[in-house]
Amino acid sequence: MNDRFLRACRRESVDRVPVWFMRQAGRYMSDYRALRQRYSLLEICRQPELAVAVTLQPVDVIEVDAAILFSDLLLPFTPMGLDFDFVKGEGPAISHPIRHPADVDRVRQVEPRDALAHVLTTIRLLRRELSTKVPLIGFGGAPFTLASYAIEGGPSTTYAKTKAFMYEQPAAWHALCDRFASFMADYLRAQVEAGAQAIQVFDSWVGQLARADYREYALPHTRRIFEALADTGVPTIHFGVNTTVLLADMKEAGGDVIGVDWRLPIDEAWDLIGHDRAIQGNLDPTRLLAPTDRLLPAADDVLRRAGGRPGHIFNLGHGILPNTPLEHVQRLARHVHEFGL
Ligand code: CP3
């Protein structure tokens, strides 16, 4: 198996810089769009054979060094009592969002091995398919990002409802995050038992918080998840967007690898984090829309700044955009592998 991704997570030496892409399976691929004509996103996530097929699509056509489980951050919501669906063109819609402290009692503690057995089945099947290829990344959401969906009821630009709840009802906020943290700790451990070889914790929207608020309202809950994974031995990745001022605090919460967006050059971000952690990310996903003579030099800049130090995983600062040309993604992955260490 190609293990350069796992080696980089552990800051060991590699023959080539490993590369994978957040949202490497998705709408920019015609095979994915074809499958989506026949099945909803949730149907794909809930049927292991379909989720396996979609996970493997990018592995077969792009030179990526890791596969990421095809699933969604919000899948735990339904068994936990927060029913939701994806609305075309709008994103997730939660039927009865959390608005009052009493609503937190509706969030049930469930056993992930029963409630999300299909995800674990998908992981087991994938490990068989990937055995001679690349490692499999499992994932889940950090409490702040999950709570933001539970409270907003869907996407938001200001996160005003989330923050108002946090400030007005701190005890209920912490109780809600505590439930998410307990569930995620258990769920991610179950993913490792099923065969996930690395775990990424997505705290996608935590960059909305002031640093002091991050430390008070988010960090303790996220830290519990990383602590629960420590004895599994698998590398962990801690990712968020717009987190330039939070990087040192996110490191404190945990993660062998810290994910960074595109706002800061990668060498400066790595200095803030410290070289005792690996780093992943950094290229603006919009760059993939540019002609290759404006795309590849931007990738070179990331590669040069990372300087061949052990612990660099090439990725985007966030997920691949739906209108990205597949050829650009293929070209970029090949280019990263051609970079001389
Ligand atoms: O290839 C991969 O990266 C794995 C698949 C994956 C999906 N969701 C499938 C998906 C992963 C890792 C996620 C995580 C996820 N889900 C996050 C965190 C990642 C991030 O982007 O920061 C979040 C915030 C969600 C919640 C979610 N799911 C939203 C807000 C949306 C709608 C927005 C959009 O892009 O349309 C989704 C839908 C979703 N999840 C798609 C995919 C491939 C869109 C494709 C579709 O509708 O068919």
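Which residue stands opposite Phe202 in β5? To find out, open the predicted model and follow the stops below.

**Stop 1: the pairing of β4 and β5.** Select strand β4, residues 136-141, together with β5; the two run parallel and are joined by 5 bridges. Display Gly141 and Phe202: Gly141 is the residue that stands opposite Phe202.

**Stop 2: strand β5 itself.** Of the 5 residues of β5, 5 are buried, so the strand is largely enclosed by the rest of the structure. With side chains shown, Ala198, Gln200 and Phe202 point one way from the strand, while Ile199 and Val201 point the other way. The residues on both sides are buried.

Stop 3: Pick Val201 and look across to β6, where its bridge partner is His238.

**Stop 4: Gln57 in helix α4.** Move to helix α4, residues 48-61, and select Gln57 within it. Is this residue buried or exposed? Gln57 has a relative accessible area of 13%, below the 20% limit, and is therefore buried. Now show its surroundings: leaving aside residues up to four places away in sequence, Gln57 touches Met29, Asp31 and Tyr32. At Tyr32, display the backbone nitrogen, which lies 3.5 Å from a polar atom of the Gln57 side chain.

How values were computed:
Residues are numbered from 1 along each chain as its sequence is written. This is a predicted model: local features need pLDDT of at least 70, side-chain atom pairs count only at pLDDT 80 or more; totals for chains, interfaces and linings use all residues. Side-chain values use heavy atoms; hydrogens and water are left out. Buried means under 20% relative accessible area, exposed over 50%, partly exposed in between (1.4 Å probe, protein chains only). Helices (H or I, at least four residues) and strands (E, at least two) are DSSP runs, numbered from the N terminus. Two strands pair if DSSP finds at least two bridges between them. A polar contact is a pair of N or O atoms within 3.5 Å; within protein, one must be able to donate a hydrogen and the other to accept it, and residues adjacent in sequence count only if both atoms are side-chain atoms. Contact means heavy atoms within 4.5 Å.
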